[in-house]
Amino acid sequence: MHFRLRSNLTLFGLIALVGLAPVASLGSSCCAGGSGQSVCVLPPELNYQFGFSTAYKNSSGDFDPFGGYLARPAGTSDRTLTHQIGAAFRLSEDIQFGFTAPLVTRSVQLASRGETATGLGDPLLEFHYTVLEDLAFIRYQPRVSLYGGTRLPMGKSVYESTDALGVTEFGDGLAVAHAGVTVSKTYYPFKLAGDIAYLVPFTRNVAQMRGTDVNVPYTFKTGNRVQLSEGATYLLSNHWSAGVGLKQTWQAETQKEGSPVDASAGRLATS
């Protein structure tokens, strides 16, 4: 197994807009970094929460399913606007359930031809179990939570799309199971958080891509991933906070028919 730095993907303007209901705590768990894979994670004093986030991405190329980078010619672009709507509900004192549903708008420009489409992406289901609570009177005791869940391949992907430009591809086409640990601690007015997760994509049988039959059908599995995220949040009031986060992802080699695909491993860092 080896890893290679991927430096060709350009990300612009990450926007995080979070709406909460009810809003009653000093800094929601939807802080920058360290809150699992879902949009909403409940702080101790809430029994339910609704939220949303918005992200904008402008890429100068694509990674094919095998991990190879395909640069786009000059004058072309691929812009994606993703709105994620989520909710979390407390099932018991220590256990909560959350889900996230993405709505994706893609705009692809190829020379004089341009297309835009909107559709649902891959929804996420997630459970959290709180091991330790963040207690203000215990200086070095953080909040520690274990979580696990699955991303379901319900969005149209390269395997179902018949669009040559790929503008109607809103999902990855692969179910992905994940498990992780979140650690956070509040030193008012600051909140520090960290998260580590292990993601395992399921194997898929591939017979068609973008409406074209492949020469020989095959089994395909994207490499397992390790994801780290770190964040710091400044609590402005009972209702507002500002934060910054970093995220790093390492991916193992992709496999085709059980054999590794050369140069398909990689590392991606975002902020």
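**Salt bridges, burial and pairing in a predicted model**

Me: K185 forms a salt bridge with D134 in this predicted model; what makes the pair count as one?

Reply: The closest N and O atoms of K185 and D134 are 2.8 Å apart, and because a salt bridge requires a side-chain nitrogen of Lys or Arg within 4 Å of a carboxyl oxygen of Asp or Glu, the pair qualifies as a salt bridge. K185 lies in strand β9 (residues 176-187) and D134 in the loop between β7 and β8, so the pair ties together parts that are 51 residues apart in sequence.

Me: Why is K185 called buried, and why is D134 called partly exposed?

Reply: The relative accessibility of K185 is 7%, and so K185 counts as buried, the limit for that word being under 20%. D134 has 24% and therefore counts as partly exposed, since that class lies between the 20% limit and the 50% above which a residue is exposed.

Me: What makes R143 and E133 a salt bridge, and where in the chain do the two residues lie?

Reply: Their side chains meet at 3.5 Å, N to O, which is within the 4 Å cut-off. R143 belongs to strand β8 (residues 143-151), whereas E133 sits in the loop between β7 (124-132) and β8, ten residues apart. With a relative accessible area of 8%, R143 is buried, while E133, at 24%, is partly exposed.

Me: How do you know that E160 and R204 form a salt bridge, and which parts of the chain does the pair tie together?

Reply: The closest N and O atoms of E160 and R204 are 2.8 Å apart, again within 4 Å. E160 lies in the loop between β8 and β9 and R204 in strand β11, so parts 44 residues apart in sequence are tied together. E160 is partly exposed at a relative accessible area of 36%, and R204 is partly exposed at 23%. By this rule the count of salt bridges comes to five.

Me: What makes β15 and β16 paired strands?

Reply: Two bridges join β15 (residues 255-256) to β16, and the strands run antiparallel; because pairing requires at least two bridges, the strands β15 and β16 count as paired. Within the pair, K256 stands opposite S259 in β16.

Me: Why are β11 and β16 said to stand at the edges of their sheet?

Reply: The open sheet of four strands has the order β11-β12-β15-β16. β11 (204-209) and β16 (259-260) each have a single partner strand, so one side of each is left without a neighbour in the sheet.

Technical notes
Residues numbered from 1 in each chain as written. Predicted model: local features only at pLDDT ≥ 70, side-chain atom pairs only at ≥ 80, totals over all residues. Heavy atoms only, no water. Buried < 20%, exposed > 50% of the residue type's maximum accessible area, 1.4 Å probe, protein only.
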